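Please look through the structure shown here, one residue or element at a time. The paragraphs that follow begin with a single residue and then move to other parts of the chains.

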Amino acid sequence: MVLYTPLSYHEVFPEQMEGYKYVTYQGRTLYVKETEHGELQLVQLMSTDPQDYLNTSLTPGTILENEFVQQRK
Amino acid sequence: MKDEKENEEQAEDISPSEIVEKIKELGQTNVPEAPESNIHVLTIIGQVEGHMQLPPQNKTTKYEHILPQLIAIEQNPKIEGVIILLNTVGGDVEAGLALSEMIASMSKPSVSIVLGGGHSIGVPIATAANYSFIAPTATMTIHPIRLTGLVIGVPQTFEYLDKMQDRVIQFVVNHSNISEKHFKELMFAKGNLTRDIGTNLVGVEAVDYKLINDVGGVKDAMSKINELISKVKQGNDL
């Protein structure tokens with residue numbers, strides 16, 4: 001693989017990056033992290049619609065309601 | 001008739017059990033909402049997170065969320081102005097400058113209030129707004145930028161740092177009334193900060209140095225943003 005960045009290898013690929021994944025939630029793609037309690041916490045919203053970023057239920061740090069989460073394969 | 005149609009349209013988005021719950025609790029399907037505000041608030045708090053995610057116990061400002069929000073604010077016709085609240089210890093220079101440039105290049109008026117602290121990269125972010133206020137007890141630390149990571153001991157490293165620092169200096173000088181000479185004096189002052197180089201400005205001192213427009217708080221910022229909004233409506237430049 002060819003990388004073009006001033007960062008070192010270990011900054012790009014840290015040793016411990018477990019629990020992060022992409023899910024679909026309310027029709028949008030989210031980058032989430034599993035918390036210690038088994039809940040999913042929003043890390044980053046991946047959307048091209050700027051109005052989504054003004055939606056208060058989609059701000060980073062929000063704990064997602066499980067019934068609306070769809071796992072992505 | 002019209003109400004029934006509106007309710008039907010909105011009901012399609014909500015599941016039937018939610019509607020039943022709402023009727024049980026409130027006796028109606030639609031809860032009256034507060035009117036939408038024409039002014040949005042952006043909070044720049046904690047550390048300005050950069051290209052690396054900070055450990056979770058840090059309070060952070062995530063630029064990847066705020067940048068699209070600024071586009072949304074620029075695009076949304078209902079939003080007429082932005083108030084930026086700052087209480088930051090600083091953070092990543094690139095993320096901070098990205099936020100500052102976005103704020104500065106919006107067509108809609110913006111007013112910033114420095115509360116608590118507006119340190120380091122908080123300085124360009126505060127000056128990026130059309131008008132800036134600082135609370136009387138708020139403080140801003142002006143100091144040279146610092147580098148983390150693997151540092152190679154050659155003169156080019158210093159020249160690189162100097163170039164990066166110039167980016168910040170140029171932005172602040174271009175977006176405030178402070179001169180480059182005075183800003184550099186504050187930045188390189190010795191004897192003010194413990195074990196560091198720079199200056200700590202408290203409240204009115206930032207205004208005296210012409211870095212921040214005025215001392216003030218919520219009331220002053222609100223009246224200023226409304227003043228700027230009506231200026232824009234009348235077709236005048238900000």
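T141(B) has a relative accessibility of 11%, and it counts as buried because the cut-off for that word is under 20%. In this predicted model, T141(B) belongs to strand β6 of chain B, which covers residues 139-142. What does the side chain of T141(B) join in a polar contact? The partner is the side chain of H119(B), at 2.6 Å. With residues up to four places away in sequence not counted, T141(B) touches G118(B), H119(B), S120(B), V123(B), L193(B), T199(B) and N200(B).

One of those residues, S120(B), can be taken up next. S120(B) sits in the loop between β4 (110-118) and α5 (122-128) of chain B. Its relative accessibility is 22%, so S120(B) counts as partly exposed. Most residues other than glycine have a negative phi. S120(B), however, has a positive phi, near 50°. Q26(A) is placed in the loop between β1 (20-25) and β2 (28-34) of chain A. With a relative accessible area of 35%, Q26(A) is partly exposed.

The helices of chain B come next. How do α3(B) and α4(B) lie relative to each other? Helix α3 (residues 63-75) and helix α4 (residues 93-104) of chain B pack with their axes 10 Å apart, at an angle of about 10°. Angles under 35 degrees count as roughly parallel, and α3(B) and α4(B) are therefore roughly parallel to each other. From α3(B), the contact uses Y63(B), I66(B), L67(B), L70(B) and I71(B); from α4(B), it uses A95(B), A98(B), L99(B), M102(B) and I103(B). Of the residues in this contact, ten are nonpolar, none is polar and none is charged.

Helix α4 of chain B also holds S100(B). Is S100(B) buried or exposed? S100(B) has a relative accessibility of 0%, so it counts as buried. Its side chain reaches the backbone nitrogen of I125(B) at 3.4 Å. Not counting residues up to four places away in sequence, S100(B) touches P124(B), I125(B), A128(B) and F171(B).

In soluble globular proteins, nonpolar side chains tend to be buried together. The largest nonpolar core here has 45 residues, and F183(B), L211(B) and I212(B) are those with the most contacts inside it. Helix α6 of chain B, residues 155-175, supplies the largest share of this core, six residues. Once neighbours within four places in sequence are left aside, F183(B) is in contact with V123(B), I142(B), I169(B), V172(B), V173(B), I178(B) and L211(B). Another core, of eleven residues, lies apart from this one; V23(A), Y25(A), L45(A) and Y53(A) are among its members.

The last stop is M222(B), in helix α9 of chain B (residues 218-233). M222(B) has a relative accessibility of 34% and so counts as partly exposed. Leaving aside neighbours within four places in sequence, M222(B) is in contact with I39(B) and I83(B). How many residues along the chain separate M222(B) from Q69(B)? They are 153 residues apart along the chain, and their C-alpha atoms are separated by 20 Å.

Technical notes:
Residues are numbered from 1 along each chain as its sequence is written. Chains are lettered from A and ligands numbered from 1 in the order in which they are written. This is a predicted model: local features need pLDDT of at least 70, side-chain atom pairs count only at pLDDT 80 or more; totals for chains, interfaces and linings use all residues. Side-chain values use heavy atoms; hydrogens and water are left out. A nonpolar core is a set of buried Ala, Val, Leu, Ile, Met, Phe, Trp, Tyr and Cys residues joined through side-chain atoms within 4.5 Å. Buried means under 20% relative accessible area, exposed over 50%, partly exposed in between (1.4 Å probe, protein chains only). Helices (H or I, at least four residues) and strands (E, at least two) are DSSP runs, numbered from the N terminus. Contact means heavy atoms within 4.5 Å. A polar contact is a pair of N or O atoms within 3.5 Å; within protein, one must be able to donate a hydrogen and the other to accept it, and residues adjacent in sequence count only if both atoms are side-chain atoms. Axes are lines fitted to C-alpha atoms, for helices over the stretch in contact, and angles run from 0 to 180 degrees between N-to-C directions. Angles under 35 degrees count as roughly parallel, over 145 as roughly antiparallel, 65 to 115 as roughly perpendicular and the rest as oblique. Ala, Val, Leu, Ile, Met, Phe, Trp, Tyr, Cys and Pro count as nonpolar, Asp, Glu, Lys and Arg as charged, and the others, Gly among them, as polar.
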